[in-house]
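Let's take a friendly look at how charged side chains pair up in a protein. Have the sequence and the 3D view open as you read.

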Amino acid sequence: MRNQLRGCIKINASGKKLYTFINKIHSGRIYCFGQYCRKDTFYAEIYRHDLKKVQEFAEECGVELKHYECETISSKLIRYRKRIGIFIGAAIAAVSVWYFSSVVMTIEVQGNSDVSESVILAALEELDIKQGTFINDIDFKYCENELRIMVDGISWAGIRHTGNRVVVEVTEIVESPEMLRDRQPCNVVAAKSAQITYTSVYDGQLMRIVGDYVIAGDMLISGVIEDGAGHVTKHHAMGKITGIYEETVTFAENYKSEQYLPTGNTTNEKYLRLFNVRIPLFIGKNKYSSYTSDKKENRLVVLGRELPIGIENEEYTETRLKDKEYTDSELEEKIMEKIYLYEKNFLSEQTIILREIEQEKTDESLIYNVRYKLEGDIGIQKEIFLK
């Protein structure tokens, strides 16, 4: 290994005063190894720094000397010493390997279901655990304790790292089941005018039966019960009462509306992304007062792993406030989408028996009056105020 580093020269010498030459080498304290003689030719290996002295001995003795350099690490470095790019590339590669093994590259969150991962990552960023942070600078025990305090819903947190990958394991707080503590006496009354289709009483006295038509505010289940002996008890009335009722909802859209519409002018801005740092690769800035933007990022992938390094391209499209006119078919489509969202958000627990749509037009808008015939829960609790 030492010879590989220092560099060796193979020599062979021949001539009348060969042995005088050999004696000069030995007496000149030149380290000579692997030496042997064959057919009046002397073969040996010497270090590179002794070559000049050996050449002088050969000239004094009139010996023909031939030499060539062995393939060693030292010889390769000398051969490529003027190729600066190779050394710069090797240095960059070495620094990159050291850097990427010393900083946080990826963060994985495990064990969360109710607590959002984005909330946990935001808290970790406040604790300076993010891409690009040196791992040796992180106090994992301190960060574990702080994470439990900063994020509601976490009872335990463990943070560890394997190489440049940080794994955050959390255990969420298990909420105790909600207990029915409020037993305030109350009645169940009708929230809507409807015809009763189903009754089920859990506590209290049923006041109406299936088939009855009730007006909003009528009592359905009484929380005041009197027995045969005249004793009155007050209860927290509970039950399920369903009925059929009607409801009318109005949806409208204008034929004209002001909107920010694209003008067709666009501009692109490119950034070099290094972890959380964005380095602009352009001159100037976006001069649009109003615009929409579309961002795309191409990240560097090494050995199947995506690194937080890449090129980010952001395209800006200029917009201006303009009047936009809609046709009847366009407004109908928008209104039908509103109707769909209303039914999904507000009528999902009811059964739609009938839907009737009445269309109305004015100079400014298109109006849909939608009459529903629904079946659903009509009972609400109303407290009994005690003296």
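## The big picture

First things first: this is a predicted model. Why would two side chains pair up at all? Side chains with opposite charge can do so when their charged atoms come close. How many salt bridges does the structure hold? The count is 15.

## A bridge between a helix and a strand

Let's start with lysine 338 and glutamate 253, which form a salt bridge whose closest N and O atoms are 2.8 Å apart. Lysine 338 sits in helix α8, residues 328-346, while glutamate 253 belongs to strand β15, residues 238-254, so this pair ties together parts that are 85 residues apart in sequence.

Are these two partners buried or exposed? Lysine 338 is partly exposed, with a relative accessible area of 35%. Glutamate 253 has a relative accessibility of 13% and counts as buried, because the cut-off for buried is under 20%.

## Two more pairs

Now find glutamate 318 and arginine 320. Their side chains meet in a salt bridge, with 3.7 Å from N to O. Glutamate 318 is buried, at 11% relative accessible area, whereas arginine 320 is partly exposed, at 48%.

Next up are aspartate 128 and lysine 130, which also form a salt bridge; here the closest N and O atoms are 3.9 Å apart. That still counts, because the cut-off for a salt bridge is within 4 Å. Aspartate 128 is partly exposed, with 40% relative accessibility, and lysine 130 is partly exposed too, with a relative accessible area of 28%.

## A linked network

Which residues are linked in a network of salt bridges? Look for Glu246, Glu356 and Arg371: salt bridges join them into a network.

## A stop at asparagine 268

Asparagine 268 is partly exposed, and its relative accessible area is 43%.

What does asparagine 268 touch, if we skip residues up to four places away in sequence? Its contacts are Asn313, Glu314 and Glu315.

How values were computed. Residues are numbered from 1 along each chain as its sequence is written. This is a predicted model: local features need pLDDT of at least 70, side-chain atom pairs count only at pLDDT 80 or more; totals for chains, interfaces and linings use all residues. Side-chain values use heavy atoms; hydrogens and water are left out. Buried means under 20% relative accessible area, exposed over 50%, partly exposed in between (1.4 Å probe, protein chains only). Helices (H or I, at least four residues) and strands (E, at least two) are DSSP runs, numbered from the N terminus. Contact means heavy atoms within 4.5 Å.
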